[in-house]
Amino acid sequence: MRKILPFFIMMLVSMVALAQSTVTGTLKDAQTGEPVPGATVLIKGTAKGATTDLDGKYQLSVEDGAVLVFSFIGYTNVEETVGNRTVINVTMEP
């Protein structure tokens with residue numbers, strides 16, 4: 001029994017680690033093509049997210065099946081399903 005418990009814990013941790021991936025991308029203005037710094041990228045239904053940097057870039061650890069919500073004052077929100085993508089570049093309409 002003592003030998004099985006550590007193995008079970010290690011398998012459980014591995015499953016959780018495999019269910020997450022890192023998504024990166026750039027957020028740009030659809031009209032000008034300029035980056036949108038300070039925009040919010042949230043995992044829908046959670047409070048977990050990131051903010052875009054001065055170049056409009058973000059990085060976020062997500063679980064399988066996550067939906068990202070991109071928002072910024074004065075722009076229309078954009079939702080993107082992650083699926084198996086690791087790079088999601090988005091353009092937002094003012």
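**Aromatic pairs, strands and salt bridges in a predicted model**

Phe72 is partly exposed, at a relative accessible area of 31%. Here buried stands for under 20% relative accessible area, exposed for over 50%, and partly exposed for what lies in between (1.4 Å probe, protein chains only). The model is predicted, so local features need pLDDT of at least 70, side-chain atom pairs count only at pLDDT 80 or more, and totals for chains, interfaces and linings use all residues. Residues are numbered from 1 along each chain as its sequence is written, and side-chain values use heavy atoms, with hydrogens and water left out.

A pair of aromatic rings is described by the distance of the centres and the angle of the planes. Rings of Phe, Tyr and Trp (its six-membered ring) pair if their centres lie within 6.5 Å; planes under 30 degrees apart are stacked, over 60 edge-to-face, and the rest tilted. The structure holds two such pairs. In one, the ring centres of Tyr58 and Phe70 are 5.5 Å apart and the planes stand at 70°, so the pair is edge-to-face. Tyr58 belongs to strand 4 (residues 57–63) and Phe70 to strand 5 (residues 67–71), so the pair ties together parts 12 residues apart in sequence. Strands (E, at least two residues) are DSSP runs, numbered from the N terminus. Tyr58 is buried at 4% relative accessibility. Phe70 is buried as well, with a relative accessible area of 0%. Phe72 and Tyr75 form a tilted pair, with 5.8 Å from centre to centre and 50° between the planes.

Strand 4 also pairs with strand 1. The pairing is antiparallel and runs over seven bridges. Two strands count as paired if DSSP finds at least two bridges between them. Ser21 has Val62 of strand 4 as its bridge partner. In a regular strand the side chains alternate between the two faces of the sheet. The covered face of strand 4 carries Tyr58, Leu60 and Val62. Its uncovered face carries Lys57, Gln59, Ser61 and Glu63. Thr26 lies in strand 1 (residues 20–29). Thr26 counts as buried, at 16% relative accessibility. Leaving aside residues up to four places away in sequence, Thr26 touches Asp55, Gly56, Lys57, Tyr58, Ile88, Asn89 and Val90. Contact here means heavy atoms within 4.5 Å.

The order is 3-2-5-6, with antiparallel pairing. Strand 3 (49–51) and strand 6 (78–81) stand at the edges with a single partner strand each, so one side of each has no neighbour in the sheet. Neighbouring strands are turned by 20° against each other on average, direction ignored. Axes are lines fitted to C-alpha atoms, and angles run from 0 to 180 degrees between N-to-C directions. Strands 5 and 6 pair in the antiparallel sense over four bridges. Val69 stands opposite Glu79 of strand 6.

Side chains of opposite charge can pair when their charged atoms come close. The cut-off places a side-chain nitrogen of Lys or Arg within 4 Å of a carboxyl oxygen of Asp or Glu. The structure holds two salt bridges. Glu79 pairs with Lys44, the closest N and O atoms being 3.0 Å apart. This pair links distant parts of the chain: Glu79 sits in strand 6, and Lys44 in the loop between strand 2 (40–43) and strand 3, 35 residues apart. Glu79 is partly exposed at 46% relative accessibility. Lys44 is partly exposed at 48%. Arg85 forms a salt bridge with Glu80, again with the closest N and O atoms 3.0 Å apart. Arg85 is partly exposed at 32%, and Glu80 is partly exposed at 25%.
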